[in-house]
Amino acid sequence: MSGLPFDQRDGVIWFDGEMVAWADAKLHVLTHGLHYASAVFEGERAYGGRIFKLDEHTRRLRASAEILGFDIPYSVEDINRACEEVLAANHLVDGYVRPIAWRGSEMMGVSAQHNSIHLAIAAWEWPSYFDPAQRLKGIRLDLAQWRRPDPATAPAKSKAAGLYMICTLSKHAAERKGYADALMLDWRGYVAEATGANVFFVKDGVIHTPTPDCFLDGITRRTVIDLARRRGYELIERHIMPEEMNDLSECFICGTAAEVTPVSEIGPYGFVPGEITKTLMEDYLAEVQPRAEMSPMAASA
Ligand SMILES: Cc1ncc(COP(=O)(O)O)c(C=O)c1O
């Protein structure tokens, strides 16, 4: 990956219906989305030239905007096509795609009832989120001081830019202490998620994952649940107290960017990546590859 700042790269960005030069994809500083976080986004990965679960990502993007009270002025089909065009126009086969929608500049106050809605889609090369050599050893997570909010306080089901303030605070604090990432609890004190990924545990051959009632029910999370069921693993979605991590033997996080990443440590709790983690990591990497035909595993599911 190039170390160039993101506003100085080469390529094209889809911006309000047009392909524009990367350097020209600019906003005015008086943009509602910047001041009041009235923005929603997606993170998608392309493998072998195909964006994995593109349609689900696009539907979530539109749903995230609706939760924030605005309609993206492009259909699911238009957005899907634009994502594919951006990937191709930037000559990317394995890459990351970032659509973002936001409120414009017509009104600059808390109220923005009549602001125009914008959509931009960028794509770039993005190798594994975490160092691949470290992946099998497992990454170390801090226990975050910040918590996921009550859905009565913030729109937890929207992939809204504003909700990432908590993630950046937690991730920065973890990185300062030498950790790769942080695990956040929710407002009640239950285990919630990492700063850009969902979390799973294993105990006595059974998979446990938190009920997604106040954080994103990730597309990767749902894919991993399907893969686990296809393998015949028992899987329980439930509230998990942090002290329970004493008795949980394996842990991994998963998300579009993180894929399936084993975890060796969360604060004082230790884990050893084992058979189930390894199997799901491999199954996920197989699942995301574009295929002409269904795999025998999918066909028998
Ligand atoms: C906070 C958070 N939780 C979970 C996820 C996983 O979601 P997905 O698997 O849809 O990428 C993400 C990534 O988008 C995220 O940012």
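This is a guided tour of a structure, one selection at a time.

The model is predicted: local features need pLDDT of at least 70, side-chain atom pairs count only at pLDDT 80 or more, and totals for chains, interfaces and linings use all residues. Residues are numbered from 1 along each chain as its sequence is written.

**The cores**

Select Leu 141 and Leu 183. In the largest nonpolar core, which has 41 residues, these two touch the most other members. A nonpolar core here is a set of buried Ala, Val, Leu, Ile, Met, Phe, Trp, Tyr and Cys residues joined through C-beta atoms within 7 Å. A residue is buried if 20 or more other C-beta atoms lie within 10 Å of its own, exposed if 12 or fewer, and partly exposed in between, with C-beta atoms placed from the backbone.

Next, colour the elements that supply at least two residues each to this core: strand 8 (139–148), strand 9 (181–186), strand 10 (191–194), strand 11 (198–203), helix 6 (219–230), strand 14 (250–255), strand 15 (259–266) and helix 7 (275–287). Helices (H or I, at least four residues) and strands (E, at least two) are DSSP runs, numbered from the N terminus.

Which residues are in contact with Leu 183, leaving aside its neighbours within four places in sequence? They are Leu 141, Leu 143, Ala 144, Val 191, Ala 194, Val 199 and Ile 266. Contact means that the C-beta atoms of two residues, placed from the backbone, lie within 7 Å.

In soluble globular proteins, nonpolar side chains tend to be buried together.

**Helix 2**

Select helix 2 (54–67). Helix 2 has 14 residues and reaches 20 Å from its first C-alpha to its last, close to the 20 Å expected at 1.5 Å a residue; the expected span is 1.5 Å times one less than the number of residues. Its buried residues are Leu 54, His 57, Thr 58, Arg 60, Leu 61, Ser 64 and Ala 65. Look down the axis: these residues fall within an arc of 160°, so they line one face of helix 2. The arc is that of the directions from the helix axis to the C-beta atoms. Strand 3 (39–41), strand 4, strand 5, helix 3, strand 6 and helix 6 are included in what covers them.

Gly 69 follows helix 2 and has a positive phi, near 90°. Move on to Asp 71, in the loop between helix 2 and helix 3. Asp 71 counts as exposed because it has 10 C-beta neighbours inside 10 Å. Beyond four places in sequence, its contacts are Ala 65, Glu 66 and Ile 117.

**Helix 3**

Select residues 76–89, which form helix 3. Which residues of helix 3 are buried? Ile 79, Ala 82, Cys 83, Val 86 and Leu 87 are. They cover an arc of only 135° around the axis, which puts them on the same side of helix 3. Their cover includes strand 1 (12–15), strand 4 (44–47), strand 5 (50–51), helix 2, strand 6 (95–103) and strand 7 (117–124).

Then pick His 91, in the loop between helix 3 and strand 6. His 91 is not a glycine, yet its phi is positive, near 55°. His 91 is exposed, with 10 other C-beta atoms within 10 Å. A second stop of this kind is Ala 37, in the loop between helix 1 (32–36) and strand 3. Ala 37 has a positive phi of about 55° although it is not a glycine, and is partly exposed, with 17 other C-beta atoms within 10 Å.

Leu 227 is in helix 6. Is Leu 227 buried or exposed? Leu 227 is buried, with 21 other C-beta atoms within 10 Å. Not counting residues up to four places away in sequence, Leu 227 touches Leu 280, Asp 283, Tyr 284 and Glu 287.

In helix 7, select the buried residues Ile 276, Thr 277, Leu 280, Met 281, Asp 283 and Glu 287. They pack against strand 11, strand 12 (206–210), helix 6, strand 14 and strand 15.

**The ligand**

Last, show the ligand and the 13 residues around it; Gly 218, Ile 219, Thr 220, Gly 255 and Thr 256 come nearest. A residue belongs here if its C-beta atom, placed from the backbone, lies within 6 Å of the molecule. Helix 6 gives the most to this shell, with three residues. The shell divides into four nonpolar, seven polar and two charged residues, where Ala, Val, Leu, Ile, Met, Phe, Trp, Tyr, Cys and Pro count as nonpolar, Asp, Glu, Lys and Arg as charged, and the others, Gly among them, as polar.
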